[in-house]
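Look at the sequence and the model below before reading on.

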Amino acid sequence: MSTGTKYNPKEIENKWYGSWLEHGFFRSKPNPKKEPYTIVIPPPNVTGVLHMGHMLNNTIQDILVRRARMRGKEACWVPGTDHASIATEAKVVAMLQERGIQKSDLTREEFLEYAWEWKEKYGGIILEQLKKLGASCDWDRTRFTMEEDLSAAVIEVFVDLYRKGQIYRGVRMVNWDPKGGTALSDEEVIPKDTMAKMYHLRYEVVRDVDDVLNEGVPAYITVATSRPETIMADVAVAVNPNDERYKHLHGKKVRIPLLGRAIPVILDEYVSIDFGTGALKVTPAHDLNDYELGLKHNLPIIDILNDDGSLNEKAQLYVGQDRFAARRNIVKDLEEAELLVKIEEYASVLQTSERTGAVIEPRLSLQWFCKMDAMAKPAMEAVMEDEIKLHPPKFKNMYRSWMENIRDWCISRQLWWGQRIPAYYLPDGSYVVACSTEEALELARHESGNADLQAEDLRQDEDVLDTWFSSWLWPISVFDGFKDPDNKDIQYYYPTNDLVTAPEILFFWVARMIMAGYEFRNEPPFRNVYLTGIVRDAQGRKMSKSLGNSPDPLDLIEKYGADGVRTGMLFSSQAGNDLFFDEKLIEQGRNFSNKIWNAFRLIKGWEVDETLPCPNETAIRWFESRFNAAFVQIEDHFSKYRISDALLSVYKLVWDDFCSNYLEMIKPTYQQPIDKETLKATVGFMEQVLKVLHPFMPFLTEELWHELKERKELEYIIVASWPKKDRFNKEIIDQMESVLKVVAAIRNVRNSKNIPNNKSLDLSVKQMGQLDYAPFLGIIRKLGNISEISLVQESVEGAISFVEAGDEFFIPMEGNIDVAAERERLLKELEYTQGFLNSVTKKLSNERFVKGAPEAVIANERKKQADAEAKIKALEQSLAAL
RNA sequence: GGGGUGUUAGCUCAGCUGGUUCAGAGCACCUGCCUUACAAGCAGGGGGUCACUGGUUCGAAUCCAGUACGCCCCA
């Protein structure tokens with residue numbers, strides 16, 4: 001091991017990760033003697049590479065798992081990836097294009113072959129990257145949502161839900177991605193604020209036989225629309241019945257511009273009078289609101305668009321043109337026909353595809369849906385009643401409002417990469433749903449009464465299932481809970497303990513897993529959900545590859561070490577709060593690694609002299625208590641899932657208490673040996689400190705654990721026992737706090753008087769308070785570089801004085817003290833203390849306070865009063881002595 | 001428009017059940033130190049009207065109401 005002043009993580013990280021794997025420390029098997037602790041990884045997209053969000057998320061999971069393992073739990077962290085149908089299909093299509101192959105030239109089977117090829121080659125890179133971070137997953141359990149068993153589970157669930165009447169086929173307005181050629185869920189749609197154009201078009205009013213208005217001159221109604229290319233799909237113009245401007249048009253018909261088809265004017269309160277012109281064209285096939293209006297008024301539906309967003313023959317005009325080209329052309333033609341009144345700009349929201357970026361087309365289409373009402377109910381109750389706890393709990397409200405307004409889940413996707421929907425169509429157009437072709441055939445023969453039906457007569461649905469329809473089963477399927485519902489793994493590990501994920505997918509993943517948990521196992525999938533924030537850059541933008549504002553996590557690990565990156569990320573990462581990433585944080589993490597490294601170097605460098613007595617009893621007694629007190633706090637933070645707070649407590653314990661205070665107290669003079677007892681205690685403390693550090697900084701702690709002492713073969717810190725909560729002496733902690741304040745005051749005098757550190761000083765104490773300094777004199781001498789401490793009865797003249805813990809301290813200054821400055825300083829402090837005393841006295845003389853406040857609070861106020869009085873007295877005497 | 005959530009130091013955020021010198025932490029900043037584990041360090045220090053206005057209370061950063069501004073979700 002190199003013993004330079006800088007910690008060098010590189011070879012150490014590879015060494016220990018390999019060693020952990022070799023010894024199987026990450027592996028887990030059901031063990032009836034131990035309590036299980038289980039986490040399933042939120043399966044990253046198989047096409048993905050590690051980004052900062054994964055780093056944060058997986059660091060937290062690893063911390064939880066490592067702590068559980070040390071606490072003697074049977075810790076099991078199941079890794080894996082999902083098949084991400086849309087993203088992966090896009091990558092495969094791109095790969096094919098590079099080879100000059102079009103997807104449309106391939107059969108489904110051929111395409112899937114390429115897809116698997118791609119997956120084998122590039123998929124799962126992300127899991128390798130997680131190893132660099134130190135993730136202690138049970139890699140033998142790695143699962144993939146498209147593998148055979150997990151796919152079988154998906155099909156089985158589909159069939160099961162279908163037979164329970166929970167899955168149906170229906171016409172719905174879906175978010176259609178014309179570029180991807182598939183329907184998207186609402187969550188896969190990204191709204192973008194844009195400036196849109198509002199076109200005001202003239203629709204000619206059809207004259208009735210008895211029409212008297214404007215004889216000979218055509219009358220018009222002006223309709224505002226942002227989508228002029230859809231007028232060919234218009235089936236009505238709607239106005240508000242209360243709109244005075246259009247009263248004369250009630251019951252009339254108007255003609256679609258250019259096309260000339262007559263459509264009715266309908267009345268509906270839904271139309272807002274002040275938006276646009278107050279007249280709304282109704283296009284049920286291409287707008288959700290219009291669709292509903294159409295249903296209400298019994299209007300026909302005319303769909304003029306093809307799958308790829310071009311116009312079909314039903315449009316009659318611009319057939320074959322893309323929707324945007326058609327828009328440009330129709331605007332030109334309308335203008336020429338003088339049917340375009342004006343064009344207005346207005347702020348609007350454009351719906352775009354998360355994957356392809358294409359503008360979403362609201363489109364009627366035949367899709368498969370999963371009913372949500374029944375399953376949502378227990379899932380909502382579980383969270384509301386804390387059977388499943390969200391951390392932080394502020395997300396409960398959001399969860400509830402979503403679950404209360406839940407809509408059916410569109411589960412079909414027009415893709416090939418995914419589990420194909422197990423619906424089989426008969427020649428007559430009816431269909432059966434079954435787990436296999438054979439079963440489907442049997443069913444089809446039975447239902448149709450046609451025993452001659454052959455497999456070739458059945459046509460399987462072309463669509464695949466939404467990837468989330470795999471992911472929602474993840475906590476069950478990774479333990480083969482569908483294939484073999486009573487197997488040992490699922491019995492032992494399910495329900496899992498904690499889930500760590502981002503609030504963005506609380507609804508469409510977490511909520512659905514909860515539904516699946518109750519639906520298929522009658523138990524929740526997990527007990528706690530820890531929601532991380534989003535990692536943003538310094539300007540608050542979400543880190544993303546497309547923005548190029550995200551550092552490569554592996555570069556960071558290379559530069560700062562995995563431990564540094566892990567702790568750095570966690571420093572300012574409260575649960576549920578977004579994290580503003582700054583490389584400074586990682587630097588701080590790296591510096592912390594280095595601090596620990598150097599503390600180790602100090603201890604390792606000492607020679608022991610067995611004959612020496614132990615001069616450090618007080619320091620040892622104090623740190624023991626200090627550690628236990630801090631540990632109680634750390635455990636409290638963990639129990640509340642305040643991981644960042646737990647880290648900060650560890651950080652302060654290590655840096656301030658252990659390094660700055662304890663080690664400085666016990667450190668022998670340079671090149672002097674240390675006594676046996678102190679060394680033993682210190683090595684023991686170092687071990688304890690390394691243990692509480694281990695979940696956060698696994699590599700460094702494993703290294704130092706082995707360097708600190710000879711270890712037996714399987715004696716690794718990763719499986720060392722977590723400290724136990726122990727009693728601590730509050731008194732010595734408080735006393736030391738006062739003593740350290742005295743030390744700080746001495747150092748302050750040194751600093752403000754420009755007295756060098758290596759020049760020792762004398763100190764006199766005029767004791768008036770309760771603290772017995774005897775056990776602490778050695779510590780004050782050492783930390784304050786004091787050569788002599790004397791107890792005095794009278795104030796010392798010609799000295800700088802200060803008051804701590806009710807006692808007055810003097811540092812004699814050979815001669816020149818700036819009396820005026822000293823007086824001013826003392827007066828200022830006196831004034832402050834008097835003010836403080838006043839407020840306390842006022843409180844105590846308030847009868848209602850004394851009557852109303854609890855005993856402890858009053859006692860405390862009295863103590864404050866006494867302390868302040870003592871301090872004032874001391875300050876006054878110092879002033880007099882000047 | 002509906003719902004949620006937030007506003008505390010220059011920045012990022014703690015502050016739990018109202019009560020300790022409660023106004024805190026980390027970073028940043030200032031001053032002095034290459035002191036013998038660590039300059040990726042040591043020692044010391046400055047910095048806030050707890051968004052605003054009212055209310056409840058002996059007592060409010062904390063509880064309640066309203067206002068302003070921000071963010072998120074849904075329409």
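Are Phe482 and Phe520 buried or exposed? Both Phe482 and Phe520 are buried, where buried means under 20% relative accessible area, exposed means over 50%, and partly exposed lies in between, with a 1.4 Å probe and protein chains only.

This is a predicted model, in which local features need pLDDT of at least 70 and side-chain atom pairs count only at pLDDT 80 or more, while totals for chains, interfaces and linings use all residues. Residues are numbered from 1 along each chain as its sequence is written, chains are lettered from A and ligands numbered from 1 in the order in which they are written, and side-chain values use heavy atoms, with hydrogens and water left out.

**Aromatic rings**

Phe482 and Phe520 also form an aromatic pair. Rings of Phe, Tyr and Trp (its six-membered ring) pair if their centres lie within 6.5 Å; planes under 30 degrees apart count as stacked, over 60 as edge-to-face and the rest as tilted. By this rule the model has 45 aromatic pairs. The pair of Phe482 and Phe520 is edge-to-face, at 5.5 Å centre to centre and with 70° between the planes. Phe482 is in the loop between α13 (474-477) and α14, whereas Phe520 is in helix α15; the two are 38 residues apart, and their pair links distant parts of the chain. Helices (H or I, at least four residues) and strands (E, at least two) are DSSP runs, numbered from the N terminus. Phe482 and Phe520 belong to one aromatic cluster, whose members also include Phe158, Tyr162, Trp368 and Trp409.

Right-handed means that, with the strands pointing away from the viewer, the path from the first strand over the helix to the second runs clockwise. Strand β23 (residues 526-531) has five of its six residues buried, so the rest of the structure largely encloses it. Two strands pair if DSSP finds at least two bridges between them.

| Strands | Bridges | Residues opposite each other |
|---|---|---|
| β1 (36-40) and β2 (74-78) | five | Val40 and Val78 |
| β15 (389-391) and β23 | three | Lys389 and Asn528 |
| β22 (496-501) and β23 | five | Asp498 and Asn528 |

Strand β1 is mostly covered, with four of its five residues buried. From β1 the chain crosses through helix α2 (residues 52-70) to β2, again as a right-handed β-α-β crossover.

**Helices**

Helix α4 (residues 108-122) has 15 residues and reaches 21 Å from its first C-alpha to its last. This is close to the expected 21 Å, which is 1.5 Å times one less than the number of residues. Arg108, Phe111, Ala115, Trp118 and Lys119 are buried in α4. Seen down the axis of α4, these buried residues fall within an arc of 100°, so they line one face of the helix; the arc is that of the directions from the helix axis to the C-beta atoms. An α-helix has 3.6 residues a turn, so residues three or four places apart point the same way. The buried residues of α4 pack against α3 (85-98), β4 (143-144) and β21 (464-465), where contact means heavy atoms within 4.5 Å. On the other side of α4, Glu109, Glu113, Glu120 and Lys121 are exposed. Just after α4, Gly124 takes a positive phi of about 80°.

Helix α17 (residues 562-571) is mostly covered, and 10 of its 10 residues are buried. Among them are Asp563 and Arg566.

The bond from Tyr494 to Pro495 is cis, with omega near -5°; Pro495 is in the loop between α14 (488-493) and β22.

Tyr318 has a phi near 55°, a positive value in a residue other than glycine. Tyr318 lies in the loop between α7 (288-297) and α8 (323-336) and is buried, with a relative accessible area of 14%. Gln671 is not a glycine either, yet has a positive phi of about 65°. Gln671 is in the loop between α20 (643-666) and β27 (674-675) and counts as exposed, at 65% relative accessibility.
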